[in-house]
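Student: Hi! Could you walk me through this structure?
Tutor: Happy to, let's have a look together.

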Amino acid sequence: MKLRNTAIALGVSVATALGLSLLKVNKPIVIGSTFVVTSAGFILSRRNKGKKDIEYQLTEEEWEYVEILRNYDEKLSQEEWQEKYAIRTKKDWKKLEKELNKEWKEMWSRKPPTKLELIEESKRELSDNSDPLEKIKLPEFDCSFSSVSWKDLGLSVRCSNILIRTGFNTLTDISGLRFTSFLEIKNMGSKAAGELFYVLNKKGFIPHQLISDLDAAYPELREQCNDLINKEKTDLEDLAKELQELFENLLGGHEEYLKVMDWQRENLALLEVQQFQKSLKSNSCFRMLYALGKLAFKYDELNDNKTRELGDPEVQNMLKYKRHIRAVGKEDSIDFAFTLGNCVQNIPVPELLSFYPGQKTISSLFNSISELLINETIKPLMQGEIREVRGILGQSGQMPIRLRLLNKNEKEESREKWTCGLPADSEIILVDVPDTNGYFANEPESYQYTRKTFPKSLWTNSSTTSLTNFNLRGNEAHPCSLDAFYICLSQNTNYLRYVDPSDKDLNKVSNWATIVILLVIAEEIEIGISKVDIVIEKDLLEKIKDIYYSVSVVKTLKEWVSLKLKSSDNEQLESTWCIGENKFVSYCRYQNIDSFLNDVEWGVISNIISSSWENSISKKETAKLREAKLAWEKQESDIDSEDKEKLDVVFNGNNQQYVLSKEAKGNYESKPLTGEALLTKLKCTKEDSDIWTILERCSHCHYEIEGDNYEVDYEAFLEAVVKAKGVQLSDIKIKAYSEIQLIVLAYDLAKHVKMSALYQYIVTELIKQKVEITKAFAISKRLDLKVQYGQIIETDYITNYISEDNSDDEAEARLVGNELINKISEYKEGENYDLDIIEECRYFAYDNGGNELVSPFEFLCAVSEFKNIKAEDVDISGFNLEELARKVERELNGKQKYDYVDFIAYADIDELEFYALCKNFKFQVDVLEVKESPDGCIS
């Protein structure tokens with residue numbers, strides 16, 4: 001069937017010419033490149049002095065000179081021209097040569113018009129008597145034509161280069177230009193301009209009427225371009241036949257093809273018809289076949305037919321699975337892979353190209369990225385941007401990948417070498433995947449195979465482009481408990497540390513540097529408790545995941561270790577990393593950091609961490625390792641001291657708290673120490689193993705507050721230490737706690753303050769203002785507590801109790817009901833609810849350590865419950881809640897805060913670290929709306 005019949009069968013106009021790119025082939029059109037000058041000033045009058053014998057023959061260079069300036073329209077041979085214009089002797093030539101030199105100089109002294117000048121000239125108004133050739137003008141092409149290049153049109157190399165040198169790169173650039181404007185372009189000439197116009201007409205971009213006007217104004221031009229016209233016509237007819245054969249094979253034969261075509265004319269909605277026709281006008285065989293296959297699927301669905309198997313498996317996969325993934329390589333290894341189908345989805349996204357060798361995972365990788373692009377979890381990429389993404393590749397998504405949009409030159413190279421078959425207008429994203437150690441192809445540490453397989457022209461150079469990092473982690477598996485990863489990692493490290501000498505297969509002990517790093521990582525994720533409030537569980541798990549993501553890939557593990565080493569002082573390097581000269585400890589094995597790093601088995605660490613993470617996800621595996629760890633620790637404790645010295649184990653002393661007795665207080669009454677005297681005293685107290693708590697050091701340096709109750713002045717003591725050491729808060733590093741442990745510490749401190757101080761301050765302030773007891777209950781229910789520690793964590797509202805009631809079963813029961821009301825009504829001033837009365841009514845709460853603290857809120861709940869009063873029904877509109885909240889917050893953040901922090905963080909901690917902890921904790925009292933108030937009261 002001819003091209004015309006094919007177009008009618010598809011329901012589209014013949015005017016939409018099917019381009020040369022339909023069959024994924026390049027068929028260039030070759031056109032002559034004669035230099036043409038049209039200026040009338042270059043035409044000399046003919047000189048005919050009669051026929052005489054020609055005595056002087058022009059040289060090749062002289063004849064080329066003549067052809068350009070005097071033979072541009074007649075195209076005479078050299079002999080014919082010399083005879084016609086009487087150039088017979090050398091004297092005749094010298095006379096003419098002077099004229100030609102003058103014309104040549106004038107021609108090249110004129111500057112050719114610029115792109116902007118040509119565009120402005122085309123906007124000039126024409127008079128009625130203007131030359132008909134000047135009225136021939138291209139239509140206006142909007143920005144949608146900016147993707148149409150000269151290569152897509154099939155222009156000759158000469159014509160394309162002339163346009164590009166002038167600044168015209170796409171069809172939009174020549175929008176509205178006159179034919180005569182092209183003649184003004186240097187080296188363009190009428191034939192090259194005619195080539196452009198005739199090709200645009202054949203491709204359906206300009207109407208036939210414009211070409212008819214051009215033929216009338218310039219009759220000889222069509223004949224000059226005749227070869228081009230005939231070649232294009234033949235190619236299109238051949239392509240139409242091949243294209244129809246492709247269509248029929250796709251749908252299952254000629255009859256099936258006609259059925260679908262007949263059906264679509266009667267049954268498709270107007271919008272569907274327009275979309276279908278748009279694909280046929282796209283000049284892309286890829287888009288045409290996809291549109292036709294989609295149409296066939298709809299035909300089968302609406303006619304209750306079994307969905308057909310299309311003749312093209314790529315189109316079949318695109319319709320069934322959204323995309324086809326084409327991989328090129330051998331066996332389990334591939335050289336490159338790319339997607340086909342992303343660009344034709346309802347929400348078009350770029351196609352993907354990767355040189356990742358993993359054939360078994362490339363499909364899931366491409367499908368995941370494509371879907372994340374479609375639903376815009378991964379936002380559209382800008383040209384030149386590199387997006388680093390985690391959460392897709394790796395056992396738990398810890399392996400990073402980089403996404404980059406290919407530029408125009410890279411896309412052309414890709415279509416020629418790798419992604420053949422994709423539409424010319426489709427964008428392509430390069431998916432840069434590192435090797436198993438996390439190194440990308442452009443990094444010298446990467447595997448040689450990776451560097452060899454990945455084309456250097458597409459290497460992603462992150463040093464010149466900013467990276468956008470974000471995680472796509474969602475509902476992936478996580479440890480079965482907060483301490484599961486720590487349990488599994490520490491026990492797997494134990495297996496690696498100790499080898500049974502009787503087992504000949506396990507006689508190689510791993511390098512000690514490897515063990516040290518595993519121990520440091522285990523300490524970093526150690527929480528110390530397996531269950532905490534649900535409000536912080538998510539935060540802690542995220543921190544654990546962040547650490548796992550950092551240390552499970554060799555590249556990021558090296559960066560993590562390097563950062564830790566860099567931030568460690570000499571004492572830490574010795575005590576934690578075994579690096580140094582044994583000034584602080586006696587077990588260092590490495591003289592410097594380089595010797596330590598050279599001894600590390602990075603792959604072993606990565607494998608241990610990955611297997612431990614996998615173990616921690618399973619409750620069964622975690623339970624096994626938990627039991628093994630307990631048995632291992634028991635076995636270690638049973639080893640006698642002589643054997644224990646042979647083990648490379650560092651045992652920390654148990655945390656203890658020493659309280660200074662009242663009798664001892666008198667021995668230290670003196671002025672507070674400052675400066676060098678303070679530092680000297682601190683050094684001495686630290687050398688005394690019996691004196692090591694902050695409270696005792698504070699007292700030994702004579703920082704006490706005068707009064708009936710013994711109390712130390714933490715704030716003055718710490719400020720004096722900071723001043724003596726000459727440090728800034730920003731310079732102090734917390735070494736005693738990991739980031740995860742600081743989160744737990746923040747929540748424990750917040751709960752302790754909520755129970756022991758918040759409501760006590762609220763009640764005390766309300767008593768000062770003589771607020772009635774039930775109104776005090778309503779006010780206290782509208783105040784709640786949050787805590788922030790630096791930039792690490794900000795708590796949600798803290799629950800009212802640290803733990804369940806830990807009181808002795810034999811303790812006296814609380815007063816309730818009438819007994820409670822009678823007790824608080826014994827006073828002349830009315831109901832009394834100061835802290836002493838609350839204590840007499842035996843309202844206490846207990847922290848995790850069993851410490852007894854007065855519980856004003858629970859007391860107020862009991863009173864209001866007996867009186868059947870609801871907090872939301874009490875009118876407190878005249879009371880300034882915001883002012884009370886600010887006042888209580890100032891109290892909590894005052895000197896009392898140091899005592900709270902010491903109560904929770906009582907371990908052997910440096911004064912500066914304790915100072916930094918206290919300064920970074922901030923208590924915040926919020927005023928709640930009624931709907932946000934805590935639920936009821938806990939009895």
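What follows is a chat about the chain, its cores, its strands and its rings.

Student: What should I know before I start?
Tutor: This is a predicted model, where local features need pLDDT of at least 70, side-chain atom pairs count only at pLDDT 80 or more, and totals for chains, interfaces and linings use all residues. Residues are numbered from 1 along each chain as its sequence is written, and side-chain values use heavy atoms, with hydrogens and water left out.

Student: OK, how many helices and strands does the chain have?
Tutor: There are 40 helices and 14 strands. Helices (H or I, at least four residues) and strands (E, at least two) are DSSP runs, numbered from the N terminus.

Student: And what share of the residues counts as buried?
Tutor: Of the 939 residues, 47% are buried. Buried means under 20% relative accessible area, exposed means over 50%, and partly exposed lies in between (1.4 Å probe, protein chains only).

Student: Which residues touch the most other members of the largest nonpolar core?
Tutor: Ile-517, Trp-577, Phe-596, Phe-859, Leu-892 and Leu-917 do, in a core of 129 residues. Helix 33 (residues 739–768) gives the most to this core, contributing 16 residues. Apart from it lies another core, of 40 residues, including Leu-250 and Val-344. A nonpolar core here is a set of buried Ala, Val, Leu, Ile, Met, Phe, Trp, Tyr and Cys residues joined through side-chain atoms within 4.5 Å.

Student: What does Trp-577 touch?
Tutor: Leaving out residues up to four places away in sequence, its contacts include Ile-517, Leu-565, Tyr-590 and Phe-596, and also Lys-564 and Gln-572. Contact means heavy atoms within 4.5 Å.

Student: What fraction of contacts in the chain links residues 24 or more positions apart?
Tutor: Among contacts with a separation of 6 or more, 70% are between residues 24 or more positions apart.

Student: Switching to strands: which strands pair with strand 3?
Tutor: Strand 2 (residues 333–340) pairs with strand 3 in the antiparallel sense over 2 bridges, while strand 6 (residues 428–432) pairs with strand 3 in the parallel sense over 4 bridges. Pairing requires at least two DSSP bridges between two strands. On one side, Ala-337 has Ser-354 as its bridge partner; on the other, Glu-351 stands opposite Ile-428.

Student: And where do the side chains of strand 3 point?
Tutor: In strand 3 (residues 351–354), Glu-351 and Leu-353 point one way and Leu-352 and Ser-354 the other way, and all are buried.

Student: What about the open sheet, what's its strand order?
Tutor: The order is 11-10-14, with antiparallel pairing. Strand 11 (793–794) and strand 14 (921–927) are at the edges with a single partner strand each, so one side of each has no neighbour in the sheet. Strand 10 (residues 783–789) meets strand 11 over 2 bridges, and Gln-788 has Glu-794 as its bridge partner.

Student: How many aromatic pairs are there?
Tutor: A search of the whole structure finds 23. One of them, Phe-485 with Tyr-548, is edge-to-face, at 5.9 Å centre to centre and 90° between the planes. Phe-485 is in helix 20 (residues 484–497) and Tyr-548 in helix 22 (residues 534–551), 63 residues apart. Both Phe-485 and Tyr-548 are buried. Rings of Phe, Tyr and Trp (its six-membered ring) pair if their centres lie within 6.5 Å; planes under 30 degrees apart count as stacked, over 60 as edge-to-face and the rest as tilted.

Student: Why is the pair of Tyr-714 and Phe-914 called tilted?
Tutor: Their planes are at 40°, with centres 6.0 Å apart, so the pair is tilted. Tyr-714 is in helix 32 (residues 714–725) and Phe-914 in helix 40 (residues 911–920), so the pair ties together parts 200 residues apart in sequence. Tyr-714 is buried at 5% relative accessible area, and Phe-914 is buried at 0%.

Student: Last one: where is Asp-304, and is Asp-304 buried or exposed?
Tutor: Asp-304 sits in the loop between helix 15 (285–302) and helix 16 (313–321). Asp-304 is exposed, with a relative accessible area of 72%, and has a positive phi of about 55° although it is not a glycine.
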